[in-house]
Amino acid sequence: MTTESQLSIRSTRRIRIVKVSLLFVILIVLHFTGEWLEEWIDQQIIPQHGQLLDLLMLGVVLIYILLMAAPFMPGIEIGLGLMMLFGSKGAVLVYLSTLAALSISYLVGRRIPPGLVCRFLQWLHLDRACALVRQLEPLRRGERLKLLQDRLPDKAALFLVNHRYLTIAVALNMPGNALIGGGGGIGLLVGMSRIIPYWGYLMLLVVAVAPVPLWFYLNGG
């Protein structure tokens, strides 16, 4: 390998590190912005607001849906606050709002053009990932799944794809999942992958997000 080639490789690596670091910083800023917003909302939802409480609750629910639908945003903490404050009524509201938010993230993912995803991967110098996206783009759902199963060399990754519904359910309920994209990021990726139909995804959500709201509904009074 010539000196020029080695310098080019080193330069590419440095650029990749800078871009990944920039992306990481942006995600951290988004995460802490969401936490700040969550704390601010918790301070506003207090019984002393009286007749304005219902209107305030509606506004908080809309913010909750937006945060839950957005990747890397800690929206679930707002949901827990609503359920603790409003008991059974809050549990039903949070449950339905969560279904709506994660459906929105999935549908947005379905609408993102594969070419845009590929350009983003190329910007990060992930050329192999871009090539895989290009291969998957014209394929139907079954063909996409077959290609992924054939191309994944790692047994753990293959297991996750083969048990994709279980994988998504566990990821949605995993503590601290905001670090891997949160519910919104998970829904976005599922939609972008196009290997799970919407109605199958929705039925999964109906079951996967039910445990905590159900507990508050039965015990929240």
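Predicted model: local features only at pLDDT ≥ 70, side-chain atom pairs only at ≥ 80, totals over all residues.

Student: Which residues of helix α10 are buried?

Tutor: An α-helix has 3.6 residues a turn, so residues three or four places apart point the same way. Buried means under 20% relative accessible area, exposed over 50%, and partly exposed in between (1.4 Å probe, protein chains only). Helices are DSSP runs (H or I, at least four residues), numbered from the N terminus. In α10 (residues 198-208), Y201, L202, L204, L205 and A208 are buried. Seen down the axis of α10, they fall within an arc of 160° and so line one face; the arc is that of the directions from the helix axis to the C-beta atoms. The face turned away carries exposed W199 and V207.

Student: What covers the buried residues of α10?

Tutor: The cover, by contact (heavy atoms within 4.5 Å), includes α3, α8 (164-173), α9 (182-193) and α11.

Student: Which residues form the nonpolar patch on the surface?

Tutor: Such a patch joins nonpolar side chains (Val, Leu, Ile, Met, Phe, Trp, Tyr) within 5 Å, from residues with over 30% relative accessible area and no salt bridge. A salt bridge is a side-chain nitrogen of Lys or Arg within 4 Å of a carboxyl oxygen of Asp or Glu. Here V92, L96, L214, Y217 and L218 form the patch, with about 500 Å² of accessible area together (Shrake-Rupley method, 1.4 Å probe). Helix α11 gives the most, three residues. V92, in α3, is partly exposed at 38%.

Conventions: Residues numbered from 1 in each chain as written. Heavy atoms only, no water. Patch = residues over 30% accessible without salt bridge, like charges linked within 9 Å, V, L, I, M, F, W, Y side chains within 5 Å. Helix = DSSP H or I, 4+ residues; strand = E, 2+ residues; numbered from the N terminus.
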